Amino acid sequence: MTSQTLPSATTTAAGLTFDSVAMRFPDGTQAVQEASFSVTPGEFVSIVGPSGCGKSTLLKITAGLLDATGGEVTIGDGNLGYVFQDATLLPWRTVRGNVELLGELEGMGKAERRTAAQEAIDLVGLNGFEDKYPKSLSGGMKMRASLARSLTLKPKTFLFDEPFGALDEITRERLNDELLALFERERFAGLFITHSIAEAVFLSTRVLVMSARPGRIVGDFPVPFAYPRRPELRFEPEFAELSGRVSEALRGAFA
Ligand code: ADP
């Protein structure tokens, strides 16, 4: 996992634009079909959809790990950060060593790197754990370290591929609250993939629903709740009502 500015991308002001993006793998699998949407700075867009509908493929195209076979992804100014489901920490490095990694790869000076890493470690609540090795961290702490590593390059656009999918519900909710606080502070353009409707609605300014493969965007739900969002929002009737509508669209997407 790394964070970078993609040289091949067309540069615009900021955020992401997907214009009729399609992906057909060499074996003939049509994973994504005609995906068109945009994510502007200050927007946090989640995508929910059936397993195998092409969500990860869309993120990998954005991250430059795959080349789309149709359409275009335009990536705005600034660094692109990404966090995947697996924290991918180097086991022989401490938390600090792992968080400093991207700065090192980008050729940042030692002092600057150290400052950026400490700031990110503080932001994700890992202070006091700087000298610990990954094996002594819980799953939630590993994800915090992974998030901190991406934060050191102050990304203007952030991609999340089910980062909390493997965590227990309480840890996941706590990390959702913390990610939300981070988003409110940094206001990057966020694209988040999840299987959880509650997570999508709680975090996002918009929730997109993708159809079964080949994935197309079949639902677009603006989320009207103002930030900052309190954890109790999850239990309010408006939250349940919107989650219900997304769920209904998702059930249609399996058809
Ligand atoms: P999701 O993230 O929505 O679960 P993916 O984007 O991982 O789905 O995969 C979409 C579809 O593309 C799946 O059917 C998957 O099996 C297929 N796929 C993914 N990678 C490849 C590949 N390299 N070659 C062929 N098919 C692939």
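Predicted model: local features only at pLDDT ≥ 70, side-chain atom pairs only at ≥ 80, totals over all residues.

Modeller: Residues are numbered from 1 along each chain as its sequence is written, and side-chain values use heavy atoms, with hydrogens and water left out.

Colleague: Into which domains is the protein chain divided?

Modeller: The bounds come from an automatic or database domain assignment. The centres of the two domains, taken over C-alpha atoms, are 25 Å apart. The division is into domain 1 (1-79 + 155-255) and domain 2 (90-154).

Colleague: What area is buried between domain 1 and domain 2?

Modeller: Contact means heavy atoms within 4.5 Å, and 18 residues of domain 1 are in contact with 15 residues of domain 2. Buried area is the accessible area (1.4 Å probe) that two parts lose on being put together, summed over both. Carbon and sulfur atoms give 67% of the area between these domains, which is about 1,500 Å².

Colleague: Which residues form the salt bridge between arginine 144 and its partner, and at what distance?

Modeller: A salt bridge requires a side-chain nitrogen of Lys or Arg within 4 Å of a carboxyl oxygen of Asp or Glu. Across the interface of domain 1 and domain 2 the rule finds one. Arginine 144 pairs with glutamate 178, and their closest N and O atoms are separated by 3.0 Å.

Colleague: Which element gives the most to the side of domain 1 that touches domain 2?

Modeller: Helices (H or I, at least four residues) and strands (E, at least two) are DSSP runs, numbered from the N terminus. Both β7 (157-161) and α6 (169-186) supply at least two residues of that side. With seven residues, the element giving the most is α6.

Colleague: Which residues are closest to the ligand?

Modeller: A residue is counted as near if one of its heavy atoms lies within 4 Å. An oxygen atom of the ligand lies 2.5 Å from a polar side-chain atom of threonine 57, and one lies 2.8 Å from a backbone N or O atom of serine 56. Of the 13 residues that surround the ligand, the closest are Gly52, Lys55, Ser56, Thr57 and Arg213.

Colleague: Which residue meets arginine 206 in a salt bridge?

Modeller: The count of salt bridges comes to 14. In one of them, with 3.1 Å from N to O, the partner of arginine 206 is aspartate 220.

Conventions:
Polar contact = N/O pair within 3.5 Å; in protein donor to acceptor, adjacent residues only side chain to side chain.
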